[in-house]
Amino acid sequence: MSRRIYVPCDTTALSLGADKVAEAIRLEAEKRDIPVELIRNGSRGLLWLEPLVEIETAKGRVGYAAVEPGQISALFEAGFVNGNDQHPSCIGLVEALPYLKKQQRLTFARAGITDPVSLKDYESLDGYQGLKKALKLEPQQIVDEVKASGLRGRGGAAFPTGIKWETVLDTASEQKYIVCNADEGDSGTFADRLVMECDPFMLIEGMTIAGLAVRATQGYIYLRSEYPVAHRLLNEAIDKAYQAGYLGANILGSGKHFELEVRLGAGAYICGEETALLDSLEGKRGLVRAKPPLPAIIGLFGKPTVVNNVLSLAAIPYILDKGGQAYADYGMGRSRGTLPLQLAGNVRQGGLVELAFGITLRELMQDFGNGTLTGRPLKAVQVGGPLGAYMPASQWDTPVDYEAFSAIGAVLGHGGVVMFDDTVNMGEQARFSMEFCKVESCGKCTPCRIGSTRGVEVIDRIRRGNSADKNWMLLEDLCETMIDGSLCAMGGMTPFPVQSVMKYFPDELKARGESA
Amino acid sequence: MSSNAEWTMQSIQLIIDKLKHKPGAMLPILHAIQDEIGFIPDKAVSLIAQSLLQTRAEVHGVISFYHHFRSTPPARHSIEICRAEACQAMGCRSLEQHAKKTLGIDYHQTTADRSFSLEAVYCLGNCATAPSVRIDDAIHGRVSLDKFDALIAEHQKDMKEAG
């Protein structure tokens with residue numbers, strides 16, 4: 001009987017040598033004449049353990065953490081194919097790890113367990129059950145189920161998904177579109193990538209259901225070019241879905257029609273903004289459009305369009321399969337369901353943590369993250385990407401909830417949590433926020449295009465101690481102008497991290513000048 | 001990513017013709033040309049413009065808007081260093097300095113022997129194992145200064161063997 005050995009194939013595992021590990025296992029098994037079945041699974045999201053090699057045993061899957069190609073021969077010698085749990089690299093049964101056990105995985109239920117491009121694996125773990133139910137429903141009934149779930153857009157804006165779908169359903173048009181925003185550009189976020197690399201059929205199923213719900217027959221996944229692995233796996237999964245009749249002109253013999261195609265972005269952060277994304281899909285520069293009209297009414301090629309984030313669409317199969325109420329049973333207040341959080345930056349146990357809304361930031365960073373990787377004291381944490389505020393220790397007891405975050409001027413965004421130890425220079429971070437906006441602004445509106453350039457200059461003057469007080473006032477004023485006058489969130493939120501540094505770490509913005 | 005000097009106007013037109021029927025064909029065409037040739041030659045601009053019934057200015061506007069597209073031949077290996085916050089928290093600022101010093105070039109530049117080009121990138125989505133560097137299509141995590149040197153040496157060795 002051959003042993004099943006799992007070596008993950010997501011970007012993080014690959015970035016730490018997973019391909020070489022897999023090849024070394026194959027060669028070593030051949031040399032020793034041990035029959036093994038090598039499976040390239042997705043990642044469990046326990047990224048600090050990658051490459052996490054798992055061996056199937058009678059008790060369950062036993063893990064070996066941070067395996068290096070040079071170790072393989074010794075691991076075989078120590079009997080790891082039989083799941084020897086005495087080896088120092090062995091972390092025991094993977095599913096018994098507290099990091100995984102304490103999570104509430106609805107969206108990431110299959111991640112790491114399956115071969116991401118195996119339709120059989122997907123179907124064996126509830127895959128395509130949601131679509132099969134949706135095929136028996138009227139569009140309005142599908143929309144009602146999504147409304148009942150309380151799902152809000154996971155891209156960052158947190159707009160109720162069901163209401164967006166209803167608008168598109170109610171807008172008459174011969175052609176409508178489903179667009180998946182997979183331009184995950186926020187630093188510290190990788191949940192979309194993990195969906196696409198570890199469970200791509202879930203996204204395909206979610207988009208197909210969205211198409212049925214609003215009577216759209218064409219879908220596009222707008223994927224960032226920085227994700228070559230996701231690109232390959234998505235295309236492979238889409239091909240298989242077409243072959244199996246889950247996509248195309250006659251979905252599972254129902255007569256319903258949905259086509260799906262991946263389109264690559266080209267390295268522009270602004271294309272994560274939904275209207276800039278639509279312009280880019282149309283083949284133009286990614287310039288932000290004024291709203292209204294909403295994309296739900298006049299969207300891609302002027303037609304009614306659902307634009308949803310990967311995580312929103314990935315939540316849909318569960319909602320249709322188990323019911324909107326089952327999803328809404330998780331969460332707090334108006335934040336229903338689960339949020340896949342991402343622990344990143346200076347963190348000992350970085351990875352994906354899917355939980356119902358309500359856990360505090362401190363619990364997340366300590367209980368899951370286990371503090372900083374450097375072992376130095378944690379100083380600041382930026383939640384919600386480059387447009388999110390830097391939160392000081394006094395705010396770490398804030399529960400993960402859209403309203404609780406916005407009440408203190410912070411944003412939950414796409415759920416990225418970037419931790420910094422006490423060596424960080426907060427003045428430098430404030431400057432970077434403006435610098436990033438300068439590089440990535442689409443240039444259409446003045447507060448963002450010019451404001452960010454002036455922002456860098458003013459911060460430089462403050463840090464040099466050049467008329468620091470006057471320039472401090474100027475920076476306050478500039479931040480307000482950008483917030484009030486920008487066309488989209490890029491210019492409108494770039495000041496958030498800057499203002500948080502001014503408010504909570506003022507000395508660090510000034511310190512340089514005083515010591516100069 | 002390697003530059004392929006063997007392109008002709010006909011070969012570019014063939015790429016365009018395969019894709020121009022798609023709605024919003026501009027980006028797919030630009031990607032296909034760059035994937036094939038390594039960059040988007042200036043001479044391709046008028047062909048694209050004619051085929052898509054747009055002006056050359058519009059095509060040029062799109063090419064210059066996106067960081068990914070390039071109008072000049074690439075180096076044999078393109079190195080992208082992530083400069084975004086999660087990597088900053090793990091020391092990417094010193095990694096950038098080290099890379100520039102080691103290669104003797106700044107961002108947007110190519111080494112004299114055309115082996116390496118250096119670009120900044122804002123997030124490779126590998127943020128739990130920062131700092132990250134992309135070399136061609138491979139992403140590398142936990143890139144210490146030593147690991148960076150080892151990666152460069154590995155690519156130099158491969159180039160030497162390939163001639």
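In this predicted model, 47 residues of chain A are in contact with 35 residues of chain B, a contact being two C-beta atoms, placed from the backbone, within 7 Å. On the chain A side, α1 (11-15), β8 (259-264), α12 (274-281), β12 (338-345), β16 (416-421) and α17 (426-440) each supply at least two residues. Helices (H or I, at least four residues) and strands (E, at least two) are DSSP runs, numbered from the N terminus. This side of chain A divides into 21 nonpolar, 17 polar and nine charged residues; Ala, Val, Leu, Ile, Met, Phe, Trp, Tyr, Cys and Pro count as nonpolar, Asp, Glu, Lys and Arg as charged, and the others, Gly among them, as polar.

Residues are numbered from 1 along each chain as its sequence is written, while chains are lettered from A and ligands numbered from 1 in the order in which they are written. Local features need pLDDT of at least 70 and side-chain atom pairs count only at pLDDT 80 or more, whereas totals for chains, interfaces and linings use all residues.

Chain A contains 22 helices and 16 strands. Its radius of gyration, 24 Å, is close to the 24 Å that the globule rule gives for 516 residues, so chain A is as compact as a globular protein of that length. The radius is taken over C-alpha atoms, and the rule is 2.2 Å times the number of residues to the power 0.38. Buried residues make up 58% of chain A; buried requires 20 or more other C-beta atoms within 10 Å of the residue's own, exposed 12 or fewer, and partly exposed lies in between.

An automatic or database domain assignment divides chain A into domain 1 (3-101), domain 2 (119-328), domain 3 (331-421) and domain 4 (426-515). The C-alpha centres of domain 1 and domain 2 of chain A are 33 Å apart, and six residues from each of these two domains take part in their contact.
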